[in-house]
Amino acid sequence: MRLGLALLLVASSSCVSRTVPPRHPAEGPTPAPVPVPRPVQPALRGDPEIRVGLARGVTMARVGGNDALAVNEPDGSRIAVIPAGETWQASASGTTVTLTSPGGWVLPPLDRVTLAATDVNAPVRVDGKLYRGVAELLPGSGGLTVVNRVGVEAYLQGVVSAEMGRRASIEEAAIRAQAVVSRTYALRNLGRWREHGFDVSGTVADQVYGGLTIETAEGRAAVADTRGQVLTYNGALIEAFFYSTCGGRTADGAEVFHGAARPYLRSVADQADNGFVYCSISPRYRWHEEWTTEALLVTIQRNLPPVAGIRSDQISRVTDVRVAQRTASGRVDQLEFGLGGPVIRVNGAAIRQVLRPPSGELLRSNAFTLVASSEGGVVTRLTVDGMGSGHGVGFCQWGAVGRARAGQGFEQILKAYFPGTTLERRY
(Lines give C-alpha, C1' and ligand atoms only; values in the text may rest on other atoms or scores of the structure.)
Protein backbone atom coordinates (compact mmCIF):
# COMPACT_ATOMS: atom_id res chain seq x y z
CA MET A 1 0.00 0.00 0.00
CA ARG A 2 2.79 2.45 0.95
CA LEU A 3 4.83 1.56 -2.11
CA GLY A 4 1.80 2.25 -4.29
CA LEU A 5 1.44 5.67 -2.65
CA ALA A 6 5.08 6.41 -3.37
CA LEU A 7 4.71 5.44 -7.01
CA LEU A 8 1.52 7.48 -7.35
CA LEU A 9 3.30 10.56 -6.03
CA VAL A 10 6.19 9.97 -8.39
CA ALA A 11 3.83 9.85 -11.34
CA SER A 12 2.27 13.17 -10.36
CA SER A 13 5.66 14.89 -10.12
CA SER A 14 8.81 14.89 -12.20
CA CYS A 15 9.86 11.76 -14.04
CA VAL A 16 13.00 9.91 -13.07
CA SER A 17 16.07 11.59 -14.47
CA ARG A 18 26.09 13.75 28.82
CA THR A 19 24.66 14.95 31.36
CA VAL A 20 28.28 16.10 31.48
CA PRO A 21 30.37 18.24 29.18
CA PRO A 22 32.55 15.90 27.13
CA ARG A 23 35.45 17.42 25.21
CA HIS A 24 36.81 19.67 22.51
CA PRO A 25 36.54 19.51 18.74
CA ALA A 26 39.35 17.62 17.09
CA GLU A 27 40.79 16.03 20.23
CA GLY A 28 39.73 12.54 19.15
CA PRO A 29 41.50 10.26 16.69
CA THR A 30 41.28 12.82 13.86
CA PRO A 31 44.09 15.38 14.32
CA ALA A 32 43.17 19.02 14.74
CA PRO A 33 43.70 21.33 11.77
CA VAL A 34 46.74 23.55 11.68
CA PRO A 35 45.40 27.02 12.50
CA VAL A 36 45.97 29.49 9.68
CA PRO A 37 45.37 33.24 9.54
CA ARG A 38 41.95 34.17 8.17
CA PRO A 39 40.85 37.45 6.60
CA VAL A 40 38.44 39.68 8.45
CA GLN A 41 35.01 38.21 7.80
CA PRO A 42 32.22 40.53 6.64
CA ALA A 43 29.04 40.83 8.68
CA LEU A 44 26.42 38.26 7.72
CA ARG A 45 22.89 39.33 6.83
CA GLY A 46 21.19 36.31 8.35
CA ASP A 47 21.51 32.82 9.71
CA PRO A 48 23.89 31.11 7.23
CA GLU A 49 23.58 27.50 6.14
CA ILE A 50 26.06 24.85 7.20
CA ARG A 51 26.68 21.37 5.78
CA VAL A 52 27.34 18.79 8.50
CA GLY A 53 28.92 15.45 7.70
CA LEU A 54 26.90 12.79 9.53
CA ALA A 55 28.68 9.80 7.94
CA ARG A 56 31.44 9.33 5.39
CA GLY A 57 32.46 6.22 3.49
CA VAL A 58 29.74 4.02 4.99
CA THR A 59 28.24 0.98 3.28
CA MET A 60 24.66 2.06 3.83
CA ALA A 61 22.38 4.42 5.75
CA ARG A 62 18.74 4.11 6.81
CA VAL A 63 16.65 7.16 5.93
CA GLY A 64 13.06 8.25 6.39
CA GLY A 65 10.92 10.64 8.39
CA ASN A 66 7.98 10.98 10.73
CA ASP A 67 6.33 12.84 7.85
CA ALA A 68 6.48 12.01 4.14
CA LEU A 69 9.96 12.57 2.75
CA ALA A 70 10.57 13.83 -0.77
CA VAL A 71 13.44 12.26 -2.72
CA ASN A 72 14.81 15.00 -4.97
CA GLU A 73 17.57 15.51 -7.48
CA PRO A 74 19.95 18.41 -6.78
CA ASP A 75 17.92 20.70 -9.08
CA GLY A 76 14.81 20.07 -6.97
CA SER A 77 13.13 17.57 -9.33
CA ARG A 78 11.13 15.08 -7.29
CA ILE A 79 11.97 11.44 -7.92
CA ALA A 80 9.85 9.71 -5.29
CA VAL A 81 8.31 10.10 -1.85
CA ILE A 82 9.17 7.97 1.16
CA PRO A 83 5.88 7.53 3.06
CA ALA A 84 5.65 8.81 6.65
CA GLY A 85 7.18 6.42 9.15
CA GLU A 86 8.83 4.22 6.50
CA THR A 87 12.58 3.57 6.39
CA TRP A 88 14.50 3.08 3.14
CA GLN A 89 18.05 1.92 2.64
CA ALA A 90 20.58 4.15 0.89
CA SER A 91 23.87 2.93 -0.55
CA ALA A 92 26.53 4.12 -2.98
CA SER A 93 28.31 2.35 -5.78
CA GLY A 94 31.02 4.15 -7.70
CA THR A 95 29.65 7.56 -8.64
CA THR A 96 25.95 6.91 -7.97
CA VAL A 97 23.53 6.62 -5.06
CA THR A 98 20.76 4.02 -4.84
CA LEU A 99 17.65 3.98 -2.62
CA THR A 100 15.76 0.77 -1.85
CA SER A 101 12.29 0.58 -0.28
CA PRO A 102 11.34 -2.03 2.37
CA GLY A 103 9.45 -3.90 -0.35
CA GLY A 104 12.55 -4.17 -2.52
CA TRP A 105 11.72 -1.45 -5.06
CA VAL A 106 14.97 0.21 -6.18
CA LEU A 107 15.19 3.75 -7.51
CA PRO A 108 17.39 4.26 -10.59
CA PRO A 109 20.99 5.22 -9.65
CA LEU A 110 21.48 8.98 -9.18
CA ASP A 111 24.54 11.23 -9.00
CA ARG A 112 23.35 12.54 -5.63
CA VAL A 113 20.09 12.72 -3.68
CA THR A 114 18.43 15.34 -1.48
CA LEU A 115 15.88 14.24 1.12
CA ALA A 116 13.44 16.87 2.40
CA ALA A 117 10.28 16.50 4.46
CA THR A 118 7.17 17.56 2.52
CA ASP A 119 6.32 19.61 5.62
CA VAL A 120 9.21 22.13 5.71
CA ASN A 121 9.15 22.16 9.53
CA ALA A 122 9.39 18.38 9.88
CA PRO A 123 12.75 16.65 10.47
CA VAL A 124 14.60 14.03 8.45
CA ARG A 125 15.56 10.73 10.06
CA VAL A 126 19.00 9.22 9.41
CA ASP A 127 19.98 5.96 11.10
CA GLY A 128 17.37 6.44 13.79
CA LYS A 129 18.19 10.08 14.63
CA LEU A 130 16.13 13.12 13.69
CA TYR A 131 17.72 16.18 12.07
CA ARG A 132 16.38 19.58 11.15
CA GLY A 133 16.84 20.78 7.57
CA VAL A 134 17.49 18.36 4.72
CA ALA A 135 19.77 15.38 4.16
CA GLU A 136 22.02 14.86 1.16
CA LEU A 137 23.34 11.49 -0.01
CA LEU A 138 26.64 11.66 -1.90
CA PRO A 139 28.64 8.86 -3.55
CA GLY A 140 32.36 8.55 -3.00
CA SER A 141 35.26 6.20 -3.58
CA GLY A 142 34.95 4.91 -0.02
CA GLY A 143 31.17 4.53 0.02
CA LEU A 144 28.23 6.71 0.99
CA THR A 145 28.50 10.18 2.53
CA VAL A 146 25.49 11.58 4.40
CA VAL A 147 25.24 15.35 4.91
CA ASN A 148 22.77 17.40 6.93
CA ARG A 149 22.20 20.82 5.36
CA VAL A 150 20.76 23.14 7.99
CA GLY A 151 20.88 26.71 9.31
CA VAL A 152 23.72 27.45 11.73
CA GLU A 153 21.39 28.32 14.60
CA ALA A 154 19.45 25.05 14.23
CA TYR A 155 22.75 23.17 13.96
CA LEU A 156 23.96 24.78 17.19
CA GLN A 157 20.93 23.51 19.09
CA GLY A 158 22.13 19.98 18.40
CA VAL A 159 25.75 20.87 19.21
CA VAL A 160 25.34 22.77 22.47
CA SER A 161 22.92 20.16 23.80
CA ALA A 162 25.36 17.37 22.96
CA GLU A 163 28.44 19.16 24.28
CA MET A 164 26.97 20.38 27.59
CA GLY A 165 24.19 17.90 28.36
CA ARG A 166 21.41 18.81 30.79
CA ARG A 167 22.39 21.54 33.22
CA ALA A 168 20.75 23.26 36.18
CA SER A 169 19.43 26.82 35.85
CA ILE A 170 22.34 28.12 37.94
CA GLU A 171 24.67 26.89 35.20
CA GLU A 172 22.96 28.59 32.22
CA ALA A 173 25.86 31.07 31.80
CA ALA A 174 28.13 28.12 30.95
CA ILE A 175 25.72 26.89 28.27
CA ARG A 176 25.47 30.37 26.77
CA ALA A 177 29.27 30.61 26.70
CA GLN A 178 29.42 27.24 24.91
CA ALA A 179 26.86 28.48 22.37
CA VAL A 180 29.08 31.48 21.51
CA VAL A 181 32.19 29.31 21.31
CA SER A 182 30.47 26.71 19.12
CA ARG A 183 28.97 29.37 16.82
CA THR A 184 32.39 30.99 16.42
CA TYR A 185 33.96 27.62 15.65
CA ALA A 186 31.29 26.75 13.09
CA LEU A 187 31.43 30.03 11.19
CA ARG A 188 35.21 30.13 11.12
CA ASN A 189 35.41 26.57 9.82
CA LEU A 190 32.82 26.74 7.04
CA GLY A 191 34.30 24.79 4.13
CA ARG A 192 36.90 22.96 6.20
CA TRP A 193 35.97 19.58 4.68
CA ARG A 194 34.75 20.92 1.34
CA GLU A 195 36.54 18.20 -0.64
CA HIS A 196 34.40 15.62 1.17
CA GLY A 197 31.13 17.44 0.46
CA PHE A 198 30.52 19.12 3.81
CA ASP A 199 31.74 21.98 6.02
CA VAL A 200 32.18 20.35 9.42
CA SER A 201 32.00 16.84 10.82
CA GLY A 202 29.31 15.93 13.33
CA THR A 203 31.90 14.11 15.46
CA VAL A 204 34.77 15.02 17.79
CA ALA A 205 36.78 15.85 14.65
CA ASP A 206 34.93 19.18 14.93
CA GLN A 207 31.95 19.44 17.30
CA VAL A 208 29.69 16.67 18.56
CA TYR A 209 26.31 17.07 16.84
CA GLY A 210 23.31 15.02 17.87
CA GLY A 211 20.60 16.74 15.82
CA LEU A 212 17.02 17.17 16.99
CA THR A 213 17.02 13.83 18.82
CA ILE A 214 19.48 15.01 21.45
CA GLU A 215 18.35 18.64 21.82
CA THR A 216 17.59 19.92 25.32
CA ALA A 217 15.49 22.90 26.39
CA GLU A 218 18.60 24.41 27.97
CA GLY A 219 20.60 24.06 24.77
CA ARG A 220 17.89 25.61 22.61
CA ALA A 221 17.49 28.53 25.04
CA ALA A 222 21.24 29.21 25.14
CA VAL A 223 21.43 29.32 21.33
CA ALA A 224 18.40 31.61 21.09
CA ASP A 225 19.66 33.94 23.83
CA THR A 226 23.03 34.41 22.09
CA ARG A 227 21.79 34.39 18.48
CA GLY A 228 24.46 35.60 16.06
CA GLN A 229 27.02 36.34 18.78
CA VAL A 230 30.64 35.36 18.18
CA LEU A 231 34.11 36.03 19.57
CA THR A 232 36.54 38.08 17.49
CA TYR A 233 40.08 39.40 17.78
CA ASN A 234 41.03 42.40 15.66
CA GLY A 235 37.78 41.91 13.75
CA ALA A 236 38.37 38.25 12.79
CA LEU A 237 36.65 35.19 14.20
CA ILE A 238 38.94 33.50 16.72
CA GLU A 239 40.25 29.93 16.85
CA ALA A 240 37.59 28.76 19.33
CA PHE A 241 39.23 25.67 20.82
CA PHE A 242 37.47 23.88 23.67
CA TYR A 243 37.66 20.66 25.66
CA SER A 244 36.35 19.03 28.84
CA THR A 245 38.62 19.84 31.81
CA CYS A 246 41.86 21.83 32.07
CA GLY A 247 42.89 20.40 35.45
CA GLY A 248 43.64 23.78 37.01
CA ARG A 249 45.50 25.62 34.25
CA THR A 250 44.85 25.98 30.54
CA ALA A 251 47.57 25.43 27.95
CA ASP A 252 49.13 28.00 25.68
CA GLY A 253 47.92 27.49 22.10
CA ALA A 254 51.43 26.99 20.71
CA GLU A 255 52.07 24.18 23.22
CA VAL A 256 49.52 21.98 21.44
CA PHE A 257 48.77 23.28 17.93
CA HIS A 258 51.41 24.44 15.46
CA GLY A 259 50.58 27.95 14.30
CA ALA A 260 48.26 28.67 17.25
CA ALA A 261 50.43 31.31 18.91
CA ARG A 262 47.49 33.65 19.43
CA PRO A 263 47.37 36.42 22.09
CA TYR A 264 43.99 35.11 23.23
CA LEU A 265 45.18 31.46 23.46
CA ARG A 266 47.52 31.83 26.39
CA SER A 267 47.83 29.73 29.51
CA VAL A 268 45.68 30.98 32.41
CA ALA A 269 45.00 29.67 35.90
CA ASP A 270 41.46 28.35 36.20
CA GLN A 271 40.91 29.35 39.79
CA ALA A 272 39.29 31.93 42.06
CA ASP A 273 41.17 34.38 44.29
CA ASN A 274 40.71 31.99 47.23
CA GLY A 275 42.46 29.22 45.30
CA PHE A 276 39.34 27.24 44.39
CA VAL A 277 39.82 25.56 41.00
CA TYR A 278 36.66 26.01 38.95
CA CYS A 279 36.96 22.73 37.06
CA SER A 280 37.63 20.71 40.22
CA ILE A 281 33.94 19.72 40.07
CA SER A 282 34.70 17.65 36.98
CA PRO A 283 34.80 13.84 37.29
CA ARG A 284 37.90 14.10 35.10
CA TYR A 285 39.71 16.63 37.31
CA ARG A 286 42.08 13.98 38.68
CA TRP A 287 42.58 10.44 37.39
CA HIS A 288 44.86 7.43 37.70
CA GLU A 289 46.02 4.74 35.27
CA GLU A 290 48.48 1.88 35.64
CA TRP A 291 49.96 -0.94 33.59
CA THR A 292 51.59 -4.24 34.51
CA THR A 293 54.59 -5.57 32.57
CA GLU A 294 52.40 -7.50 30.16
CA ALA A 295 49.78 -4.77 29.72
CA LEU A 296 52.43 -2.12 29.05
CA LEU A 297 54.20 -4.29 26.46
CA VAL A 298 50.93 -4.95 24.63
CA THR A 299 50.07 -1.23 24.72
CA ILE A 300 53.44 -0.15 23.35
CA GLN A 301 53.51 -2.87 20.68
CA ARG A 302 50.09 -1.80 19.45
CA ASN A 303 50.38 2.01 19.60
CA LEU A 304 54.04 2.99 19.22
CA PRO A 305 54.89 1.56 15.74
CA PRO A 306 52.66 3.88 13.65
CA VAL A 307 53.97 6.90 15.57
CA ALA A 308 57.66 5.97 15.68
CA GLY A 309 57.91 4.25 12.30
CA ILE A 310 59.02 0.90 13.71
CA ARG A 311 57.58 -2.63 13.58
CA SER A 312 55.78 -4.18 16.53
CA ASP A 313 58.05 -7.24 16.38
CA GLN A 314 60.98 -4.90 17.16
CA ILE A 315 59.51 -4.33 20.61
CA SER A 316 60.11 -7.31 22.93
CA ARG A 317 60.43 -5.47 26.24
CA VAL A 318 60.06 -2.02 27.83
CA THR A 319 63.08 -1.07 29.89
CA ASP A 320 62.12 2.50 30.79
CA VAL A 321 59.43 5.18 30.40
CA ARG A 322 60.20 8.71 31.50
CA VAL A 323 59.18 12.33 31.00
CA ALA A 324 61.87 14.11 28.99
CA GLN A 325 60.27 17.53 28.53
CA ARG A 326 57.31 19.59 29.77
CA THR A 327 55.57 22.66 28.41
CA ALA A 328 55.31 25.99 30.23
CA SER A 329 51.89 24.98 31.61
CA GLY A 330 53.34 21.74 33.02
CA ARG A 331 52.03 19.32 30.42
CA VAL A 332 54.21 16.47 29.14
CA ASP A 333 55.68 17.50 25.80
CA GLN A 334 58.09 14.61 25.27
CA LEU A 335 58.09 11.05 26.56
CA GLU A 336 61.03 8.65 26.19
CA PHE A 337 60.63 4.89 25.84
CA GLY A 338 63.53 2.53 26.48
CA LEU A 339 63.11 -0.67 24.45
CA GLY A 340 66.52 -2.28 24.91
CA GLY A 341 68.02 -0.30 22.03
CA PRO A 342 67.94 3.33 20.93
CA VAL A 343 65.59 5.50 22.99
CA ILE A 344 62.30 6.29 21.22
CA ARG A 345 60.92 9.80 21.78
CA VAL A 346 57.24 10.68 21.38
CA ASN A 347 56.10 14.29 21.30
CA GLY A 348 52.98 16.34 21.98
CA ALA A 349 49.55 14.97 21.11
CA ALA A 350 51.02 11.61 20.02
CA ILE A 351 51.76 10.83 23.67
CA ARG A 352 48.04 10.40 24.36
CA GLN A 353 47.75 8.03 21.40
CA VAL A 354 50.69 5.85 22.42
CA LEU A 355 50.08 5.68 26.15
CA ARG A 356 46.46 4.59 25.88
CA PRO A 357 45.06 3.01 29.06
CA PRO A 358 43.81 -0.59 29.02
CA SER A 359 40.36 0.69 27.97
CA GLY A 360 41.88 1.61 24.60
CA GLU A 361 40.73 5.24 24.75
CA LEU A 362 43.10 8.17 24.43
CA LEU A 363 45.02 9.05 27.59
CA ARG A 364 42.86 11.78 29.13
CA SER A 365 45.45 14.56 28.88
CA ASN A 366 49.14 15.42 28.71
CA ALA A 367 49.01 16.85 32.24
CA PHE A 368 50.35 13.97 34.31
CA THR A 369 53.18 12.56 36.40
CA LEU A 370 54.42 9.00 36.08
CA VAL A 371 56.41 6.43 38.00
CA ALA A 372 58.04 3.45 36.27
CA SER A 373 59.03 0.61 38.61
CA SER A 374 61.65 -1.74 37.17
CA GLU A 375 63.14 -5.11 37.99
CA GLY A 376 65.74 -7.01 36.04
CA GLY A 377 65.95 -4.28 33.41
CA VAL A 378 62.20 -4.39 32.60
CA VAL A 379 59.40 -2.04 33.67
CA THR A 380 57.19 -4.10 35.98
CA ARG A 381 54.61 -1.41 36.70
CA LEU A 382 53.85 1.99 35.22
CA THR A 383 51.58 4.35 37.14
CA VAL A 384 50.25 7.65 35.80
CA ASP A 385 48.43 10.29 37.84
CA GLY A 386 46.80 12.91 35.66
CA MET A 387 44.89 16.17 35.69
CA GLY A 388 42.04 17.17 33.43
CA SER A 389 40.76 15.84 30.13
CA GLY A 390 41.52 17.19 26.67
CA HIS A 391 44.25 19.31 25.13
CA GLY A 392 43.72 22.27 27.47
CA VAL A 393 43.70 25.12 24.93
CA GLY A 394 40.96 27.73 25.24
CA PHE A 395 37.52 27.06 26.73
CA CYS A 396 37.33 24.64 29.67
CA GLN A 397 33.77 23.24 29.73
CA TRP A 398 33.77 22.08 33.34
CA GLY A 399 35.56 25.26 34.38
CA ALA A 400 32.77 27.23 32.73
CA VAL A 401 30.20 25.27 34.75
CA GLY A 402 32.13 26.01 37.94
CA ARG A 403 32.34 29.70 37.06
CA ALA A 404 28.61 29.83 36.33
CA ARG A 405 27.89 28.27 39.71
CA ALA A 406 30.08 30.97 41.26
CA GLY A 407 27.87 33.65 39.69
CA GLN A 408 29.91 34.66 36.63
CA GLY A 409 28.01 35.72 33.50
CA PHE A 410 28.74 34.17 30.11
CA GLU A 411 30.64 37.25 28.93
CA GLN A 412 32.94 37.05 31.97
CA ILE A 413 33.48 33.34 31.41
CA LEU A 414 34.43 33.88 27.76
CA LYS A 415 36.91 36.63 28.62
CA ALA A 416 38.53 34.38 31.23
CA TYR A 417 39.37 31.70 28.66
CA PHE A 418 39.89 33.96 25.63
CA PRO A 419 41.47 37.13 27.08
CA GLY A 420 41.50 40.19 24.85
CA THR A 421 38.68 39.01 22.57
CA THR A 422 35.51 40.92 21.70
CA LEU A 423 31.95 39.60 21.85
CA GLU A 424 30.04 40.85 18.83
CA ARG A 425 26.86 40.05 16.95
CA ARG A 426 27.31 39.02 13.29
CA TYR A 427 23.62 38.68 12.42
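This is a predicted model: local features need pLDDT of at least 70, side-chain atom pairs count only at pLDDT 80 or more; totals for chains, interfaces and linings use all residues.

Me: OK, helix α10. Is it mostly covered or mostly open?
Reply: Mostly covered. α10 spans residues 397–405, and eight of its nine residues are buried.

Me: Which ones are buried in α10?
Reply: Q397, W398, G399, A400, V401, G402, R403 and A404.

Me: Let's take α3. How do the axes of α3 and α10 cross?
Reply: They cross at roughly 140 degrees, and the axes come within 7 Å. That angle makes α3 oblique to α10. The cut-off for roughly antiparallel is over 145 degrees.

Me: Is the crossing of α3 and α10 left-handed or right-handed?
Reply: Right-handed.

Me: Which residues make that contact?
Reply: From α3 you have A173, A174 and Q178, and from α10 there are Q397, A400, V401 and A404. By class, the contact of α3 with α10 has five nonpolar residues, two polar and no charged.

Me: Now α11. How do the axes of α10 and α11 cross?
Reply: At roughly 140 degrees again, with the axes coming within 10 Å. So α10 is oblique to α11, and the crossing is right-handed.

Me: Which residues meet there?
Reply: G399, A400, R403 and A404 in α10 meet I413, A416 and Y417 in α11. The contact of α10 with α11 counts five nonpolar residues, one polar and one charged.

Me: What happens just after α10?
Reply: G407 takes a positive phi there, about 100 degrees.

Me: Switching to strands. What's the strand order in the open sheet of five?
Reply: It runs β6-β5-β2-β8-β9, with antiparallel pairing. The edge strands are β6 (96–100) and β9 (129–131), and each of those pairs on one side only. On average, neighbouring strands in this sheet are turned by 30 degrees against each other, ignoring direction.

Me: How many bridges are there between β2 and β5?
Reply: Five. β2 covers residues 60–64 and β5 covers 87–93, and they pair in the antiparallel sense. V63 stands opposite W88 in β5, if you want a pair to click on.

Me: What's up with D127?
Reply: D127 isn't a glycine, yet its phi is positive, about 50 degrees. You'll find D127 in the loop between β8 (124–126) and β9.

Me: How accessible is D127?
Reply: D127 is partly exposed, with a relative accessible area of 34%.

Me: Which strands does β1 pair with?
Reply: One of them is β11 (residues 143–151): β1, residues 49–58, pairs with it in the antiparallel sense over seven bridges. V58 stands opposite L144 there. β1 also pairs with β12 (residues 200–201), in the parallel sense over two bridges. In that pairing, G53 has S201 as its bridge partner.

Me: Then β13. Is it enclosed or open?
Reply: Largely enclosed by the rest of the structure, because four of its five residues are buried.

Me: What is β13 paired to?
Reply: Four bridges join it to β23 (residues 422–425), and the two run antiparallel. T232 has T422 as its bridge partner in β23.

Me: Is N234 buried or exposed?
Reply: Exposed. Its relative accessibility is 67%, and the cut-off for exposed is over 50%.

How values were computed: Residues are numbered from 1 along each chain as its sequence is written. Side-chain values use heavy atoms; hydrogens and water are left out. Buried means under 20% relative accessible area, exposed over 50%, partly exposed in between (1.4 Å probe, protein chains only). Axes are lines fitted to C-alpha atoms, for helices over the stretch in contact, and angles run from 0 to 180 degrees between N-to-C directions. Angles under 35 degrees count as roughly parallel, over 145 as roughly antiparallel, 65 to 115 as roughly perpendicular and the rest as oblique. A crossing is left-handed if the near helix is turned anticlockwise from the far one by less than a right angle, and right-handed if clockwise. Contact means heavy atoms within 4.5 Å. Ala, Val, Leu, Ile, Met, Phe, Trp, Tyr, Cys and Pro count as nonpolar, Asp, Glu, Lys and Arg as charged, and the others, Gly among them, as polar. Two strands pair if DSSP finds at least two bridges between them.
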